[in-house]
Amino acid sequence: MANPIDLRSDTVTRPSQAMRQAMASAEVGDDVYSDDPMVNSLEERVAALFGKEAGVFTPTGSLANQLAIRMLVAPGEELIAETNSHIVRAELGAAAVFSGITTRTWPAKNGLLVAKDALEIARPNSGPYLVSTTAIAVENTHNFGGGTVQPLEEIKALRKGADEIGVALHLDGARIWNAHVASGVAFTEYGKYFDTISVCLSKGLGAPIGSVMLSTKERVTKARIWRKRYGAGMRQVGLLAGAAHYALDNNIARLSEDHRRAKELAVAIAAIDKSFVDPALVETNIVGLDLANAPYTAAELATRCREAGLWISALGPKYARLVTHLDFDDEQCAAAIEILKRVLVA
């Protein structure tokens, strides 16, 4: 179709004219020399949002995550995370390849954090014969869990337990903006429980590229060196920082619209077959479809939808995903529901 409805991810958005203007008018310098004023102000702004000392701008969320965990976990040590977390499943083994970090996981239904489950598998200070756990990663919202918002009380419990055993905490906050809007929890509240944080500006907020890794000044200074070592030193990147500033100014509160439309999709899909999705579990902008009882695979469903003009993601043999975003409006939502009514029962 000439104008398909694209719900593969919230990364498919395109800069608005106003965002493009912000990019065009951005003052720039050489960021490798820390001379780009837009980048410097962005790093300071995002760090302040979460109550952290400093930040470093990166082209991707995966790099922000990898820089963060490298600051917490030495080669040969262990990071633990939920089984379907992005760091473990969607970063192509980068922790092992780049940093010599091993990983171990605990399972959680819908990716929902239960602090004791993580703490029970942690093995810090394991001596010369076993791998020692030195950090725990939490993803909020949890992508493959269906946009799950992590409970603040469980985060607090995890922090308390981690402090007791001397283990650091990393927050993969790629969609922390969605968690904030859905829960009302302040960014600074989230920030005080984690040693390092990554936040993404191209998921949900609509910037064309970019994430920020946050921590102490000392860790960020080291991370900046590793960013360059990994080949991600950037020059006049203030053009992209200008887009990120615009996104922060204009696109956080409106995430509630994405959440509402995702809920509408979920309700409509559940009306067709309640085994596909529980609308009560759709808290943010991700609708995960469990196709275990469907006579087709996720890939087959994605093909059918694509032929009808709706693009979705097949992320497993029987798991498909729809993600709402700022380029998806009410008219498209209604059209997507009509397409789903046809293809889900075929």
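This is a predicted model: local features need pLDDT of at least 70, side-chain atom pairs count only at pLDDT 80 or more; totals for chains, interfaces and linings use all residues.
Residues are numbered from 1 along each chain as its sequence is written, and side-chain values use heavy atoms, with hydrogens and water left out.

**How the terms are used**
- Helices (H or I, at least four residues) and strands (E, at least two) are DSSP runs numbered from the N terminus, and two strands pair if DSSP finds at least two bridges between them.
- Axes are lines fitted to C-alpha atoms, for helices over the stretch in contact, with angles from 0 to 180 degrees between N-to-C directions; contact means heavy atoms within 4.5 Å.

- Strands E6 (residues 168-173) and E7 (residues 196-200) run parallel and are joined by 4 bridges.
- Asp-172 has Ser-198 of E7 opposite.

**The 3-stranded sheet**
- A further open sheet has 3 strands in the order E9-E12-E11, with antiparallel pairing.
- Its edges are E9 (286-290) and E11 (313-316), each pairing on one side only.
- Neighbouring strands in this sheet are turned by 30° against each other on average, direction ignored.
- E9 pairs with E12 (residues 319-323) in the antiparallel sense over 5 bridges, and Gly-288 stands opposite Arg-321 in E12.
- Helix H12 (residues 255-272) packs on this sheet through E9 and E12, its direction making about 20° with that of E9.

- Buried residues (under 20% relative accessible area; exposed is over 50%, partly exposed in between; 1.4 Å probe, protein chains only) of H12 include Leu-255, His-259, Ala-262, Ala-266 and Ile-269.
- The buried residues of H12 pack against helix H8 (176-183), E9, E12 and helix H14 (330-343).
- Helix H3 (residues 61-72) reaches 17 Å between its first and last C-alpha, close to the expected 16 Å.
- H3 is largely enclosed by the rest of the structure, because 11 of its 12 residues are buried; among them are Asn-65, Gln-66 and Arg-70.

**The chain as a whole**
- The secondary structure comes to 14 helices and 12 strands.
- The radius of gyration (over C-alpha atoms) is 20 Å, which agrees with the value near 20 Å for a compact globule of 346 residues, by the rule of 2.2 Å times the number of residues to the power 0.38.
- The C-alpha trace spans about 55 × 50 × 35 Å along its principal axes.
- Of the 346 residues, 53% count as buried.
- Among contacts with a separation of 6 or more, 74% come from residues 24 or more positions apart.
- The accessible surface (Shrake-Rupley method, 1.4 Å probe; for residues, only the protein chains shown count as cover) is about 14,500 Å², and 53% of that belongs to carbon and sulfur atoms.

Technical notes:
The expected span of a helix is 1.5 Å times one less than its number of residues.
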